[in-house]
Structure formats: structure tokens, C-alpha cells
Amino acid sequence: MPKQKKRRLADYSTSEMVKLCGMKASSTFENKRDKVFERYEIDPTLFKMDSSIEGGENFYPVVCAELLAILIKNWDKNPSSRKNANRDNVTVTQICDFYRALLKDVDDLPKELRGLIYKSCQSHFTTKCLVIWAERVVNGLALFTETHMNQPEENIGKLCQALAINLDKMTYMEYMNNKLIEAVPWIAQFGVFPNPFNMSSMQKPAIGTQNVGLDVGLAELIKAIALEMNSDKEEIQYESIKDEESDVGAVRDVYYKMVQSWYVSSEFEEYTTNTYSKGASAWKNWAEKIESGEMEGKDAIVAFYEKQLAEAKLEVMALEQRLEAIKNDEPAIFPVTAEEIEDINDAYVEYFGDKYGKQTDNHRYADVYIGQMLWAFLTQENF
């Protein structure tokens, strides 16, 4: 069978994929495509019309092709894809720039494909959160450290004490919450224990945020779709495009509409993600609050603390109700027995003993980073 551009009008030919990825040469496209396949462990034969023929006809099925193009066109933006890339030289800025590019390309997809990602790629929400907050963490931590280092009356030992105690508590609470959610998934909406990051159920939604980046989530979705559409090869093996003058966009729209039958409405996930993004992006640091006049004068400060107090009272009421439910073993609110809590605590002690102080990569990099932060204290040099 002679090699041809494509069998089905709705699918993408190599030349169309090159254009979709914003590239000029098919060799460039194929080089990056192969790197994407290797990096995300995507089976290349899924994209061959006949996998038994080496160098045979490519098969880029509609629906799957546009998702694959996102990974290929952004390959060079991935910090881990660069020459001599390693953990020592990657920056938060580089990581966030890569994820922002992916998120923008997802926003430009047909609405049916966007809905599929909202519903299926739980990592989409994780990545949205990351690009909003990661650089703020870097800036905040650097400023926090510098501010404390520059105070002649500051007791740096006491500061380390406060950080160690609070980090320990936060780690335990996060571990406990995750174990309870694993045991009883719907318990997440109640926030059984106070979340150390103070995230409400709307901020940490029931879509089950997955702790991987959007690129990994997209790759897993591509594998699933490509495998599903692999059976189409047999049906179109001996077909050829009869009317190349047909409106390819209209033909593809039919397939995009078909995608909607693969999932229940994604409106809740989209609403949750957009609401969170809007609220998180509007967050103001103290300098911005002062500049906007929110902290000017006594009246503004009084209003600020009145709001804080009202929120604290609501939180106290919720905690009191939760406490009573726990004391009274109300399964509808707290469906975890005392024995199960003990099991989780025992597991945490084992987890703690296995991880704490061990010479892992995370420990080594934290050691270097905090050491660099303490250099000014050691040498009494100015930042």
C-alpha cells in the first residue's frame, strides 16, 4: 500500500502537525515528537498506520492530535529538556513559564477538548495553582529571610525554633488529611482537620487534584485516547480521502462533539478552576494593601481586624461543631473510628522515622538552600 498523507479527512497529516506546532520543517517536528514520546513513555506505534512497517505512514487521529501538538510545540520550554539541565540550575521562573505556555494552549483548544481536560486531567487545577503561587513563595521566603536577618535584635535561633515547630505541625496535619481522604474520599469537603494552608473546599475541590504537572496529565490522556482510537486503523486502512475540498474544520467539529459523550459535564470543574484562579490572582500582599489604601488610618485597620475576627468566629463555630461530632462518633460527619486514627498515627510515626533526617536529594537541596540563606548571619554581610 503506497504511503499517503492521511486516510481520513478529520485526522492530521504530518504537514498539518508541523503547522499546528508552529514549525517549518517536518524533521524538526519529528525530532521533538520522538523526544516527547520517549520522555512521557508514549508508544510510537500508536501513531503509525501499520506498526509492522518501519518508517511507515503516520497516523495522527483527530482529537488526540491537538493534545499531542501542545506537548511537542512546548518541548523547548520545558526546563528539563534543555541541554545539561539538572536540579542544580532549574528555577521556579523557568518552570512557571513552561506551565503557563501549556495552560494558554489548553485555553485555545476547542471547547469540547477543554472540557475533556477539565474533567479528565486533574493536574490542570494543580498547575493553575502552581503558576499563581510558586513565584510568590520564592519572593516571600527571600523577603522573610532578609527581613529577619537584618534585624539586630532578632534571635535567629528563636526564628528557627518557630519554623521547625510550625513545619512539623503542618506536615503531620497534611499527612493526616491525606490519609483520611484516601480512606473516605468524600470527607475532603468537610476538611476534618484544620488544613495548614487554610484552603476551603472550593479552593481544594472535589476534582481530586492530582500531584503531577499538566504535561504529565496531558500525556496520560493522549495515551488513553490514542489507544481508544487505535481500532479505527482497521476501518480506514484501505480508505482514501474522496473529497479533499470538503471543509476539514466542519468534519473535525463532528468529532469534537463526539468527545462530549465521553464525559459528564465539566462545568463544575471549569467554574471551580476559574473562580479559584480569579480569587488567587487578586490576592494582595501587605505592600499592595497599603498602596491601595486598605491599611490607611485607624478606620482601615479596625475594619481589617473586624473582618479577621468575624472569619475567626465562623472558623471557631465550625471547629466546635466538628469537635462535638468527633466526641459523639457521628458517622455522617466523622466516619473514622478511634482505631483507624491510631492506625494512621502509627503509620505516620513509621513514615516520619523513614524520612526524617535521611540524606535524600530533597534533604541535600534544602540543606544547601537554607545554608545559603544563613550565610549573611554567619558572615554578618549585608544582602
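# Close-up views of a predicted helical model

View 1. C129 is buried, with 13% relative accessible area. The model is predicted. C21 is buried as well, at 5% relative accessible area. Both values fall under the 20% limit, so both cysteines count as buried. A disulfide is a covalent bond between the sulfur atoms of two cysteines. How many disulfides does the model contain? The count is zero.

**View 2. The whole chain, for orientation.** The protein has 16 helices and zero strands. It comprises 383 residues, of which 33% are buried. Take the contacts between residues at least 6 apart in sequence: 75% of them join residues at least 24 apart. The views below pick out individual sites on this chain.

View 3. A pair of aromatic rings is described by the distance of the centres and the angle of the planes. The model holds 14 aromatic pairs. One of them is formed by Y172 and Y348, with 5.2 Å centre to centre and 80° between the planes. Why is this pair called edge-to-face? Its 80° angle lies over the 60 degree limit, so the pair counts as edge-to-face. Y172 sits in helix α7 (residues 156-183) and Y348 in helix α14 (residues 338-355). The two tyrosines are 176 residues apart, and their pair links distant parts of the chain. Is Y172 buried or partly exposed? Y172 is partly exposed, at 24% relative accessibility. Y348 is buried, at 10%.

**View 4. The ring cluster around this pair.** Y172 and Y348 also belong to a cluster joined by ring pairs.

**View 5. Arginines over aromatic rings.** Two sites show an arginine over a ring. R136 places its charged end over the ring of W133, 4.6 Å from the ring centre. Which residue lies over the face of Y12? That residue is R252, at 3.6 Å from the ring centre.

**View 6. Helix α2 crossing helix α3.** Helix α2 covers residues 26-39 and helix α3 covers residues 64-73. Their axes come within 9 Å. The crossing angle is roughly 100°. This angle falls in the 65 to 115 degree range, so α2 and α3 are roughly perpendicular to each other. On the α2 side, the meeting residues are F29, K32, R33, V36 and F37. On the α3 side, they are L68, L71 and I72.

**View 7. K32 in helix α2.** K32 lies in helix α2. Is K32 buried or exposed? K32 is buried, with a relative accessible area of 13%. Leaving aside residues up to four places away in sequence, K32 touches M23, I72, W75 and D76. I72 is also among the α3 residues that α2 meets.

View 8. What is the phi of V63? It is near 85°, again positive and again in a residue other than glycine. Accessibility sets the two residues apart. E41 is exposed, at 65% relative accessibility. V63 is buried, with a relative accessible area of 0%.

**View 9. Helix α5 packed on helix α8.** Helix α5 (residues 111-120) and helix α8 (residues 214-229) pack at an angle of about 110°, and their axes are 11 Å apart. This arrangement makes α5 roughly perpendicular to α8. Which residues of α5 meet α8? They are L116, I117 and S120. Their partners in α8 are L214, L218, L221 and I225.

**View 10. T93 and V138.** T93 is found in helix α4 (residues 92-107). T93 is partly exposed, with a relative accessible area of 41%. T93 and V138 are 45 residues apart along the chain. Their C-alpha atoms are separated by 9.6 Å.

Definitions and conventions: Residues are numbered from 1 along each chain as its sequence is written. This is a predicted model: local features need pLDDT of at least 70, side-chain atom pairs count only at pLDDT 80 or more; totals for chains, interfaces and linings use all residues. Side-chain values use heavy atoms; hydrogens and water are left out. Rings of Phe, Tyr and Trp (its six-membered ring) pair if their centres lie within 6.5 Å; planes under 30 degrees apart count as stacked, over 60 as edge-to-face and the rest as tilted. Helices (H or I, at least four residues) and strands (E, at least two) are DSSP runs, numbered from the N terminus. Buried means under 20% relative accessible area, exposed over 50%, partly exposed in between (1.4 Å probe, protein chains only). A charge sits over a ring if NZ of Lys or CZ of Arg is within 6 Å of the ring centre and within 35 degrees of the ring normal. A disulfide is a pair of cysteine sulfur atoms within 2.5 Å. Axes are lines fitted to C-alpha atoms, for helices over the stretch in contact, and angles run from 0 to 180 degrees between N-to-C directions. Angles under 35 degrees count as roughly parallel, over 145 as roughly antiparallel, 65 to 115 as roughly perpendicular and the rest as oblique. Contact means heavy atoms within 4.5 Å.
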